[in-house]
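Keep the sequence and the 3D view side by side as you read. The report below starts at the DNA and then moves into the protein.

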There are 2 protein chains.
Amino acid sequence: MSINFEGLSRKEQIVVVAAQLFRQKGYEASSMRDIASAMRIEAASLYHHIKSKDEILEMICFGMAQKFISAIGEVNDIYFNAEERLREAIYQHVKIITDDMDKSAVFLKEWRSLPAASLQEFMRLRNNYEHEFTAIVENGIQEDIFEHVDKKFAVLSILSSVNWINEWYHPDGKMQAKEIASHISDFVMGGLRKKLITDYNYKP
Amino acid sequence: MSINFEGLSRKEQIVVVAAQLFRQKGYEASSMRDIASAMRIEAASLYHHIKSKDEILEMICFGMAQKFISAIGEVNDIYFNAEERLREAIYQHVKIITDDMDKSAVFLKEWRSLPAASLQEFMRLRNNYEHEFTAIVENGIQEDIFEHVDKKFAVLSILSSVNWINEWYHPDGKMQAKEIASHISDFVMGGLRKKLITDYNYKP
DNA sequence: ACTCATAACTAACGTTTGTTAGACAAAAAT
DNA sequence: ATTTTTGTCTAACAAACGTTAGTTATGAGT
């Protein structure tokens, strides 16, 4: 367990422990009894703090969604150049993921277990976020610093790259968020930035 | 339901229907009664053809794994140049995914529900496959046509890009496997191929 | 006509699931 | 000192789960 576990409300503690489990075994495969036992209490006791198992998943998914959305909002407010904006957006995204690998794993992979109503809202938020990235890429093309590529395609490639971090990042590894984001940005920019290639192997 | 459904053994039909469901709702959230009802029979009747629910998941995961592995085996036998090999490996990977979106979704996202024993074997196969990609990238660096990048990092980026197809590809869309693979290859090569950039915005 | 394999059925099993009701203990507020 | 709040407990619920047993229907080969 990482730091600061005490000092959290009991409800937030449950969410943290649940996120750990959901990441490990998946939402459906994790029972309320599993969560309870990880907290060394009985399953029924959980219901003094939370309404349902669904609510835990909702708190994780929407909590993370809000972080991503407000992050890209700030980026678009501050940074002017499209490349700078994209690089910063990527960094913020990477940072949010690496800051809480458990919750982001749940956010990325378990959201479809949300109850129907929440699911719809969640997908709306996710679309919004995706659209903010598309806007940056569009700007980059207008500003003539990005190649004229398929926008949707480019955005999906970018997001797939940044989200994949969740499969292999370890907090105690060599790379930290800044470095990872920089690597990914370079990789992505390689496919986006306008360039004059003098490559003996280049085929247009 | 796509073509050729009849003509399959009853067992294979069950696997096809199950893959559809597993993709839609996830393995844990799909019950044997769900599968049975989709086939318009009773749950108990399934057990005349299969041993267990686990067995269905195993058939899907290992069936797909074999396709991927034998594909990259052929690529390494035939194509000589590292860039050609990588492009063809990517194409084959994309083709396998787009050919069966249901089974590949299960392969990509539901494998951790495999029973412990199978899980270990599955991860071994997956590592092998990953390693074959790493080898191609290594060759590319030796042949001096790829940039000197972090190998593991590059491979993970490549695989994340190709696997992400499973999130958005539609068989009746504009792009087909060949075209998609070509786009992805270009994108990936942008980050790998040695180049001399004459970019007014380039910072080394 | 009889056999045999195939594929389905009904009924039920033991377990696990998310969740509720109501009692009890300790600490905080009055 | 007593009420209130907070957190936990035991016990149990109905529903859903994967699976088994034993039976019946269908069609092909003899």
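Two elements each supply at least two residues of the surface near DNA strand C: α2 (32-38) of chain A and α3 (43-46) of chain B. Here, a residue is near a strand if one of its heavy atoms lies within 4 Å of it. Helices (H or I, at least four residues) and strands (E, at least two) are DSSP runs, numbered from the N terminus.

This is a predicted model, in which local features need pLDDT of at least 70 and side-chain atom pairs count only at pLDDT 80 or more, while totals for chains, interfaces and linings use all residues. Residues are numbered from 1 along each chain as its sequence is written, chains are lettered from A and ligands numbered from 1 in the order in which they are written, and side-chain values use heavy atoms, with hydrogens and water left out.

**The two DNA strands**

Around DNA strand C there are 16 residues. Arg33(A), Tyr47(A), Lys53(A), Arg10(B) and Glu42(B) come nearest. Ala, Val, Leu, Ile, Met, Phe, Trp, Tyr, Cys and Pro count as nonpolar; Asp, Glu, Lys and Arg count as charged; the others, Gly among them, count as polar. Look at the atoms of DNA strand C within 4 Å of the protein: 54% belong to sugar or phosphate, and the rest to bases.

DNA strand D is also surrounded by 16 residues. The closest are Arg10(A), Glu42(A), His48(A), Met32(B) and Tyr47(B). Its surface divides into five nonpolar, six polar and five charged residues. Of the atoms of DNA strand D within 4 Å of the protein, 53% are sugar or phosphate atoms, and the rest belong to bases.

The table lists polar contacts, meaning pairs of N or O atoms within 3.5 Å (within protein, one must be able to donate a hydrogen and the other to accept it, and residues adjacent in sequence count only if both atoms are side-chain atoms).

| Residue | Protein atom | DNA atom | Distance |
|---|---|---|---|
| Met32(A) | polar backbone atom | phosphate oxygen, DNA strand C | 2.9 Å |
| Arg33(A) | polar side-chain atom | base nitrogen, DNA strand C | 2.9 Å |
| Glu42(B) | polar backbone atom | phosphate oxygen, DNA strand C | 2.4 Å |
| Arg10(A) | polar side-chain atom | phosphate oxygen, DNA strand D | 2.7 Å |
| Arg33(B) | N or O atom in the side chain | base nitrogen, DNA strand D | 2.9 Å |
| Tyr47(B) | polar side-chain atom | phosphate oxygen, DNA strand D | 2.6 Å |

Which elements give two or more residues to the surface near DNA strand D? They are α3 of chain A together with α2 (32-38) of chain B.

**The build of chain A**

Chain A has nine helices and zero strands. Its C-alpha trace spans about 65 × 40 × 30 Å along its principal axes. Of its 204 residues, 48% are buried. Buried means under 20% relative accessible area, exposed over 50%, and partly exposed in between (1.4 Å probe, protein chains only). Now take the contacts (heavy atoms within 4.5 Å). Among those in chain A between residues at least 6 apart in sequence, 70% join residues at least 24 apart.

**The cores**

In soluble globular proteins, nonpolar side chains tend to be buried together. A nonpolar core is a set of buried Ala, Val, Leu, Ile, Met, Phe, Trp, Tyr and Cys residues joined through side-chain atoms within 4.5 Å. The largest one has 66 residues. Ile35(A), Leu86(A), Ile90(A), Val94(A), Phe133(A) and Ile184(A) touch the most other members. Helix α4 (residues 53-78) of chain A gives the most to this core, with 10 residues. Apart from it lies another core, of 62 residues, including Val17(B), Ala65(B), Val162(B) and Tyr169(B).

Zoom in on Ile90(A). Not counting residues up to four places away in sequence, Ile90(A) touches Phe133(A), Ile158(A), Val162(A), Ala181(A), Ile184(A) and Ser185(A).

Is Ser160(A) buried or exposed? Ser160(A) is buried, with a relative accessible area of 0%. This residue sits in helix α8 of chain A. Leaving aside neighbours within four places in sequence, Ser160(A) is in contact with Ser160(B), Ser161(B) and Trp164(B).

Arg40(A) lies in the loop between α2 and α3 of chain A. Its phi is near 60°, a positive value in a residue other than glycine. Arg40(A) is exposed, at 79% relative accessible area.

Asp144(A) is in the loop between α7 (116-142) and α8 (151-168) of chain A. Asp144(A) is not a glycine, yet has a positive phi of about 65°. At 40% relative accessibility, Asp144(A) counts as partly exposed.
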